[in-house]
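I opened this entry to note down, one after another, the places I looked up in the structure.

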Amino acid sequence: MSYFIGEIPMGLVYAVLAMGIFISLRVLNVPDLTTEGSFGIGAILGGVVGASCGAFWSLPAAVLAGACAGLLTGFMQTKLRIHPVLSGIITLNMLYSVNLYTIHVATEKLSGVKNTNLNFGKNTIFRMMMDRLAISPNSAAGSALKMAVLFAVLAILLILLVWFFSTNIGLAIRATGNNPDMVRASSINVDRMKIMSLCISNGLVALSGALCAQLGGYTDFGLGSGTLIRGLAAVVLGGAIIKGSRILTGLLASVLGALLYQILVAFVVRYKLFGADSSDMKSITIAAVMALVLALPAIRTYIHNKRGHRRRERKDA
């Protein structure tokens, strides 16, 4: 049981990622593939800025970088009229080079050797708090502190997002996702709403990357790999359990989905469902679960139609 409890902090980190994807996918109704690049730049800045300027500065730096990535994607979608999927792919590839250059320059300045990973150990917000409170990092109190900090971050983000989407701008963004033509007819700048929401979405994704790096005291060039499917799975899983059209309901569902995803991954690895290679094969399980959840409406319709057909046959007989 303690093994699964130990996975909760990472689940909370990915809950921030899921909330960012929820905004682009469910609120704006736009498939944004910038996610892995935004998470990667957030993770790299979470380590680089944390090691050089201070742990607390790494979080706003990551949010700003993610927002800039969203701004670029939004600009290509709205002003250059590039398809949303292609816009995300282009930005993702650009961020690939940016992330690689950033980690190379940072590691060369900090250690004198170019590398694709950086271990910054004690320069994390969690370690700083533990040192001030005289808590051992490997103790139960240390794990509890990590969870408390991450829960506080999530609570603050939930409050801010629910408040924002109840303002005039937030309502305009929600309306843009539902019916852009109606919003345009109301003299609201649809392009501006799309760009703004993509900035918020990718800012949250980058913040999740920074928190991930801060949680482990380690950042790597490939840390963003697989985060898109992870975030999508969280949104889909949570949405299948908690139904509702309200922003708060959707955000809470995304948080729950992220926690369930992390526990499911931990279950696959812990009990070695794929043998010794379970750690490498865990994505197959998640993909299968995600496909099943997405297929549930079609399965229910098929079963309902089958039952109806059988009832009609019995009546005719």
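This is a predicted model: local features need pLDDT of at least 70, side-chain atom pairs count only at pLDDT 80 or more; totals for chains, interfaces and linings use all residues.

I began with disulfides, taking one to be a pair of cysteine sulfur atoms within 2.5 Å, and by this rule I counted zero. Cys-68 is in no disulfide, and the nearest cysteine sulfur, that of Cys-199, is 7.6 Å away. I noted Cys-68 as partly exposed at 43% relative accessibility, whereas Cys-199 is buried, with a relative accessible area of 18%; buried means under 20% relative accessible area, exposed over 50%, and partly exposed in between (1.4 Å probe, protein chains only).

Residues are numbered from 1 along each chain as its sequence is written, and side-chain values use heavy atoms, with hydrogens and water left out.

Next I turned to helix α6 (residues 125–132), where I found Ile-125, Phe-126 and Met-130 buried. They cover an arc of only 135° around the axis (taken from the directions from the helix axis to the C-beta atoms), which means that they lie on the same side of α6. Among what covers these buried residues are α4 (55–78), α7 (140–164) and α10 (190–216). Just after α6, Ala-134 takes a positive phi of about 55°.

Last I looked up Thr-219, which sits in strand β2 (residues 218–220) and is buried, with a relative accessible area of 0%. Its side chain reaches the backbone oxygen of Ala-43 at 2.8 Å. Leaving out residues up to four places away in sequence, Thr-219 touches residues including Ala-43, Ile-44, Asn-117 and Phe-120, where contact means heavy atoms within 4.5 Å.

Definitions and conventions:
Helices (H or I, at least four residues) and strands (E, at least two) are DSSP runs, numbered from the N terminus. A polar contact is a pair of N or O atoms within 3.5 Å; within protein, one must be able to donate a hydrogen and the other to accept it, and residues adjacent in sequence count only if both atoms are side-chain atoms.
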